[in-house]
Amino acid sequence: MVKPLKSCVVRVFNTGERPVGTGFLVAPDYVVTCAHVVAQALDIDEDSLEAPRNPIYIDFPIIEKDKFFSARVVFWQPVNPNSPIEDIACLKLEGSVPTGAQPAWLLPDLNLEGHNFGTFGFPGGRDGGAWSYGILRDTTGERWIQLERTSQDGYGLEGGFSGAPIWDLNLEAIVGMAVAIDPHREEKVGFMIPANVLIEAYPQLGERPICPYQGLSDFDEDDEDFFFGREGFVQKLVQAVQELPLVSVVGPSGCGKSSVVKAGLIPQLIASDRWEIIWTFRKK
């Protein structure tokens, strides 16, 4: 499921109103993208130490195409291969976003190797955008995570995907931002800046209500309003409970079994007025 990407992805335009890259909404009025995307949009050096002051223009192509919004850089980490953290920009939007645009949430600090991902960007010749899918590999020396295409069909990652949110199909959450490709390989390999590095670079991202996960704590019924992204699985559980005498939820430690039952399944059953919950875990 990659539906949440549709409501958070933005196109970043240059002064000639051509898309140069991607970004995504992380709070009602903040967008994250790559510094080199902003540099291309403004025709400045991507390694400039001084944050640009000119406005950047974006739109929400899936929500409301070609309605432009201006934004200003509020955080700037330029391209610098010698820096432990590089190529990140955060923009503050001027004005309200269109109806239907929803901030993404970032999921940091997880072992993502082997997970499948999906993303949406604007490769050359596809101003309307395109989807790309692949698999997440391990961390590189730059603290990036390698992204590999798993099929010869469809789009691989290329320049127009810079700044795109990387959606982990296993965890159903955004786990990073596309930042680079290796142009010397016939089958281009991509890289992303993981969510924990984005938050480390700009701690305000961690202070904003963009991550529904509560560290090592799970969710219970009282957290229903903050638990989302697992709607499809919750509905499968509801159907299974209605049809089967016994339903087990099995998975590795930390994958969210307790949360999906307590904050997903149980509120659905209570709301139906057909079930009585005899016992469940609750927070102390």
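Strand β11, residues 173–182, is joined to strand β12, residues 189–194, by six bridges, and the two run antiparallel. Strands here are DSSP runs (E, at least two residues), as helices are (H or I, at least four residues), numbered from the N terminus; two strands pair if DSSP finds at least two bridges between them. The model is predicted, so local features need pLDDT of at least 70 and side-chain atom pairs count only at pLDDT 80 or more, while totals for chains, interfaces and linings use all residues. Residues are numbered from 1 along each chain as its sequence is written, and side-chain values use heavy atoms, with hydrogens and water left out.

Within β12, Gly190 stands opposite Ile181, and Ile193 is the bridge partner of Met177. Strand β12 also pairs with β9 (residues 145–149), again antiparallel, through three bridges. There, Gln146 stands opposite Phe191 of β12.

Buried means under 20% relative accessible area, exposed over 50%, and partly exposed in between (1.4 Å probe, protein chains only). Val189, Phe191 and Ile193 cover one face of β12 as buried residues, and Gly190, Met192 and Pro194 are buried on the other.

These pairings belong to a barrel of six strands, closed in the order β7-β8-β9-β12-β11-β10 with antiparallel pairing. Neighbouring strands of this sheet are turned by 45° against each other on average, direction ignored.

Methods. Axes fitted to C-alpha atoms, helices over the stretch in contact; angles between N-to-C directions.
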